[in-house]
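This briefing concerns the structure shown below.

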Amino acid sequence: MDNTAQEERSILGPHGLLVTRSSRNQIPLTGILELTYRCNEKCIHCYVIQPGRKTPHELDTDQWKDILRQIASEGTMEITFTGGEVFLRKDLFEILDEARRLHFSIKLSTNGTLIGEKQADALADLKPWEIGVSLYGEDAGTHDAITKSAGSFRKTLHGIELMVSRGIRVKIRSVLMRENLGHEENLAALSEKLGTSFAQDPLLTPKSNGSHDNLVHRLNGSELRAALGVEAKRLFVVDSEQRWESRRQSKLIDNMCKAGVNFFSVNPLGKVLPCVQFQMVAGDLRSQRFHDIWRSAPIFIRLRKTINAHLEGCRDCRLLPICFRCPGEALLSDGDAFGPSSWACLRAGLLDELREESSTTEQHP
Ligand code: SF4
Ligand code: SF4
């Protein structure tokens, strides 16, 4: 290893180095494969448009296996399989076995309701990196009202317990919305009791067809302010003027995010997108090779060239250092992936208020 590489490695660590180098060399390090839009739950906030009983256009087993071989030869190392609900695909383990044969690091997102002893054993054999399970409350009343599926809480918990007992790493993933606001601590405590890790986010994306119907469940300003208290404490590390400015400078030269840079997704119909949350079609794997789409699709080329300093409305924004803007969400909510997101502006503004309040309290205890 030359001196520059050694220096980079000591600053970034092995994983950071991998992310940086894959971005620099445009290697599609990570991908999300949406195996199906079908789901056995009907979550009130979900962005996926469910297709009903017939899904004539879903890719079949051989097509998915071929895609896995294509992306393996492009350098992809980590895949997240998601849906819809992935366990509704009868060929799930055939696809996962091919992914294992190709030595991918495997993650899976599921609601856990269809995981019994047999599925848990098969998952344990597969040695996945992590299984993400959606859980929205610490009690059946809260969770089942959000999934609109009676009994789903009990089934999800059972699936989690079966996996944890086999040594599978499970992460509970939750969305914070009006219907489960105030349950955060209890849900985190349940996660600890179950032996899983836990992540929760208040970002709720419009439906993938552009409908905003599901946004009625988004937290309003005062609810979000209350929920951000904990996050704000973590962010106060950027408080000093010097740190704020250095964070700002490094964000200005960053890409918007890794979508299209070293990250991609494929939807159940074979369309390649920058991300599941970013509904711009880069190409179609039914008629094109992944290599050609990844190298030449105009949207991918644009995303790789775009840094935050190019974004009208964001580049001069004071809040840039504490802004978590998702271009996919900005596109669906505000109509422009390359402009401000009203949700991100609200969130960053509230974080800033909390930051200022905290520094005033610290000066006048
Ligand atoms: S910021 Fe949005 S578009 Fe980018 S990777 Fe994250 S979810 Fe996807
Ligand atoms: S999205 Fe809003 S808060 Fe974020 S940098 Fe752009 S203008 Fe500022």
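Helices (H or I, at least four residues) and strands (E, at least two) are DSSP runs, numbered from the N terminus. The place of Lys127, for example, is in the loop between helix H4 (117–126) and strand S4 (130–134). This is a predicted model, in which local features need pLDDT of at least 70 and side-chain atom pairs count only at pLDDT 80 or more, while totals for chains, interfaces and linings use all residues. Residues are numbered from 1 along each chain as its sequence is written, and chains are lettered from A and ligands numbered from 1 in the order in which they are written.

**Ligand surroundings**

- Ligand 1 is surrounded by Cys257, Lys258, Ala259, Phe263, Cys275, Gln277, Phe278, Cys326, Pro327 and Gly328; a residue is near a molecule or strand if its C-beta atom, placed from the backbone, lies within 6 Å of it.
- The shell around ligand 1 comprises seven nonpolar, two polar and one charged residues, where Ala, Val, Leu, Ile, Met, Phe, Trp, Tyr, Cys and Pro count as nonpolar, Asp, Glu, Lys and Arg as charged, and the others, Gly among them, as polar.
- Around ligand 2 are Gly313, Cys314, Cys317, Leu319, Leu320, Cys323, Arg325, Pro340, Ser341, Ala344, Cys345 and Ala348.
- By class, the shell of ligand 2 has nine nonpolar, two polar and one charged residues.

- Helix H13 spans residues 327–334, and seven of its eight residues are buried; a residue is buried if 20 or more other C-beta atoms lie within 10 Å of its own, exposed if 12 or fewer, and partly exposed in between, with C-beta atoms placed from the backbone.
- Those buried residues of H13 are Pro327, Gly328, Glu329, Ala330, Leu331, Leu332 and Ser333.
- Asp316 is placed in the loop between helix H12 (298–305) and H13, and it counts as exposed because it has 9 C-beta neighbours inside 10 Å.
- From C-alpha to C-alpha, Asp316 and Arg248 are 9.9 Å apart in space, although 68 residues apart in sequence.

**Helix packing**

- Helix H2 (residues 61–73) and helix H3 (residues 92–101) pack at an angle of about 15°, with their axes 10 Å apart; axes are lines fitted to C-alpha atoms, for helices over the stretch in contact, and angles run from 0 to 180 degrees between N-to-C directions.
- That angle makes H2 roughly parallel to H3, since angles under 35 degrees count as roughly parallel, over 145 as roughly antiparallel, 65 to 115 as roughly perpendicular and the rest as oblique.
- Thr61, Trp64, Lys65 and Leu68 in H2 meet Glu94, Ile95, Glu98 and Ala99 in H3, two residues being in contact if their C-beta atoms, placed from the backbone, lie within 7 Å.
- The residues of this contact of H2 with H3 divide into four nonpolar, one polar and three charged.
- Helix H5 (residues 140–147) packs against helix H6 (residues 152–165) at an angle of about 105°, with their axes 8 Å apart.
- H5 is therefore roughly perpendicular to H6.
- In this pair, Ala140, His143, Asp144 and Thr147 of H5 meet Ser152, Phe153 and Arg154 of H6.
- The contact of H5 with H6 has two nonpolar, three polar and two charged residues.

**Backbone features in loops**

- A cis peptide bond with omega of about 25° joins Gly83 and Gly84, and Gly84 lies in the loop between strand S2 (78–82) and H3.
- Gln26, a residue other than glycine, has a positive phi near 55°.
- Gln26 is in the loop between helix H1 (3–24) and strand S1 (30–34), and it counts as partly exposed because 17 C-beta neighbours lie inside 10 Å.
- Phi of Lys127 is also positive, near 50°, in a residue other than glycine.
- Lys127 counts as exposed because it has 12 C-beta neighbours inside 10 Å.

**Two buried positions**

- Gly112 is found in the loop between strand S3 (105–110) and H4, and it is buried, with 26 other C-beta atoms within 10 Å.
- Not counting residues up to four places away in sequence, Gly112 touches Val133, Thr156, Gly159 and Ile160.
- Glu34 is found in strand S1 and counts as buried, with 23 C-beta neighbours inside 10 Å.
- Leaving aside neighbours within four places in sequence, the contacts of Glu34 are Thr82, Gly83, Ser265, Val266, Asn267, Pro268 and Val276.
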